[in-house]
Amino acid sequence: MKWVILIAGVFLFFNGMFTRTYSFDNESPARHCYQMDYIGLYGCFGSPMMPALIAWGASLIGAGLIAWSVFRGSQKSA
């Protein structure tokens, strides 16, 4: 199970780090989009906050899972 958590953490972390966010301000209403190239996930929202939350959320959740996996591994080996 610890390897699954580590793999999921690395996957989320790197997808969050390489997420592109962009806006179409000339359209009415303006669209604010994100794109995760490695997994082909993308979407657009009316608020500029949502793509940023998706990019930062994936990175932070991934970093948390990696830290949790390292913490659990060090506890079991001690």
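Trainee: How many aromatic pairs does the structure hold?
Mentor: Keep in mind that this is a predicted model. Rings pair if their centres lie within 6.5 Å. Going by that cut-off, the number of aromatic pairs here is 6.

Trainee: Are the rings of Phe-14 and Phe-18 stacked or edge-to-face?
Mentor: Look at the planes: those of Phe-14 and Phe-18 sit at 10°, with the ring centres 6.4 Å apart. Planes under 30 degrees apart count as stacked. So the Phe-14 and Phe-18 pair is stacked.

Trainee: And what kind of pair do Trp-68 and Phe-71 make?
Mentor: Their ring centres are 5.9 Å apart and their planes are at 35°. Stacked needs under 30 degrees and edge-to-face needs over 60, and the rest are tilted. That's why this pair is called tilted.

Trainee: Where are Trp-68 and Phe-71, and about how many helical turns separate them?
Mentor: Both belong to helix 2, which covers residues 49-77. They are 3 residues apart there, so the separation is about one helical turn.

Trainee: Is Phe-71 buried, exposed or partly exposed?
Mentor: Its relative accessible area is 45%. Buried means under 20% and exposed means over 50%, with partly exposed in between. So Phe-71 is partly exposed.

Trainee: Which residue of strand 2 stands opposite Phe-24?
Mentor: Strand 1 (residues 19-24) and strand 2 (residues 31-36) run antiparallel, joined by 6 bridges. They form a hairpin with 6 residues between them. Opposite Phe-24 you'll find Arg-31.

Notes: Residues numbered from 1 in each chain as written. Predicted model: local features only at pLDDT ≥ 70, side-chain atom pairs only at ≥ 80, totals over all residues. Heavy atoms only, no water. Helix = DSSP H or I, 4+ residues; strand = E, 2+ residues; numbered from the N terminus. Buried < 20%, exposed > 50% of the residue type's maximum accessible area, 1.4 Å probe, protein only. Pairing = 2+ DSSP bridges.
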